Amino acid sequence: KSYRPEKMETSWQTTRLSRYNSAIEAILVSIMLALSAYLVSWSGPVKWLSVIPFTAAGLLIGRRLFNKAYNWSVLFRTNTSLLKYCVMGVLMGLAGALYYRGNYAMPLFPVYFRGFVWIAVCIGCMEELLFRGYVQQQLQQINPVLGITGSALAHAGYKACLFLPPAMAFITPVWLFFTWSFGAFLLIGTLRYFSKSLWPPLLVHAVFDLLVYAQNAEAPVWVW
């Protein structure tokens, strides 16, 4: 009995250390993904260097994301409120897509769908799996606000890095793009936190990409 407090203290310290290790791992993964995004937008040999940080990030992420028990118990939880949050996710994706299309003088709704749109939806879902499913999940073990803001910062930074190389700089003002992306990802991260599931964020991104890229015959230049 006299050793029980010491055992509890040791257990608490071990848990705390594990949480900080998870957060550090998520930060490293975010940096490697941003570096990969920056390198992949260059031409020639520099482009192929992006494989190195991307592979390193994949090795760190894979042991968690491809764990079936982790996926279903942590990421894809179901609860009585999930339907409400899924509807919110669809509406958020719809609102974002309509604003985007209107801002670029496109018809509010696409009149047809081309093949690339399904690739775009898959890319969007993979991004949610990485940033809301992995980065946010790891960081929120320290603090929920850190999870939401950290994953939004990592995701917006990753997207912005695609436009930093000189060949891509003409497409959009990077800081404006970063600011809008960061705000959107904060909302998606908040939805992820309160829903306690990855399904609503997946719906946000899937609906947005479905409507925005519906009529694209091929991938935009920033899709690598």
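# Exercises on a predicted model

In helix α6, 24 residues at 1.5 Å a residue should span 34 Å, and the end C-alpha atoms are 33 Å apart, which agrees.

**Exercise 1. Determine how many residues of α6 are buried, and work out how Glu128 and Arg132 are placed and paired.**

Solution. Start with the helix as a whole: α6 is mostly covered, with 18 of its 24 residues buried. An α-helix has 3.6 residues a turn, so residues three or four places apart point the same way. Then check the distance: the closest N and O atoms of Glu128 and Arg132 are 2.9 Å apart, and the two residues form a salt bridge. Finally, consider accessibility, for which Glu128 counts as buried at 0%, while Arg132 is likewise buried, with a relative accessible area of 0%.

**Exercise 2. State how many salt bridges the model has, and identify which residue pairs with Lys159.**

Solution. The count comes to 2 salt bridges. Side chains of opposite charge can pair when their charged atoms come close. In the case of Lys159, the partner is Glu127, with an N to O distance of 3.3 Å. This pair links distant parts of the chain, since Lys159 lies in helix α7 and Glu127 in helix α6, 32 residues apart. As for accessibility, Lys159 has a relative accessible area of 18% and is therefore buried, the limit being under 20%, and Glu127, at 8%, counts as buried too.

**Exercise 3. Describe the lining of the largest pocket, giving its residues by class and the helices that supply them.**

Solution. Begin with the extent of the pocket, whose volume is about 1,500 Å³. Its lining consists of 47 residues, and those nearest the centre are Lys159, Phe177, Ser181, Phe185 and Phe208. Sorting the lining by class gives 34 nonpolar, 10 polar and 3 charged residues. Turning to the helices, at least two lining residues come from each of α3 (51-65), α5 (82-103), α6 (116-139), α7 (144-161), α8 (174-195) and α9 (199-212). The largest share, 9 residues, is supplied by α8.

**Exercise 4. Locate Ala105 and Lys196, and decide whether each is buried, partly exposed or exposed.**

Solution. Most residues other than glycine have a negative phi, and most peptide bonds are trans. Against that background, Ala105 has a positive phi, near 55°, and Lys196 has a positive phi of about 60° although it is not a glycine. Ala105 is placed in the loop between α5 and α6, whereas Lys196 is in the loop between α8 and α9. On accessibility, Ala105 counts as exposed at 72%, and Lys196, with a relative accessible area of 44%, is partly exposed.

Methods. Residues numbered from 1 in each chain as written. Predicted model: local features only at pLDDT ≥ 70, side-chain atom pairs only at ≥ 80, totals over all residues. Heavy atoms only, no water. 1 Å grid on protein atoms, 1.4 Å probe; cavity = no way out; pocket = protein on both sides within 12 Å on 5 of 7 lines; lining within 4 Å. Points joined across faces, edges and corners; volume = space filled by probe spheres on them. Helix = DSSP H or I, 4+ residues; strand = E, 2+ residues; numbered from the N terminus. Nonpolar A, V, L, I, M, F, W, Y, C, P; charged D, E, K, R; others polar. Salt bridge = Lys/Arg side-chain N within 4 Å of Asp/Glu carboxyl O. Buried < 20%, exposed > 50% of the residue type's maximum accessible area, 1.4 Å probe, protein only. Expected span 1.5 Å × (residues − 1).
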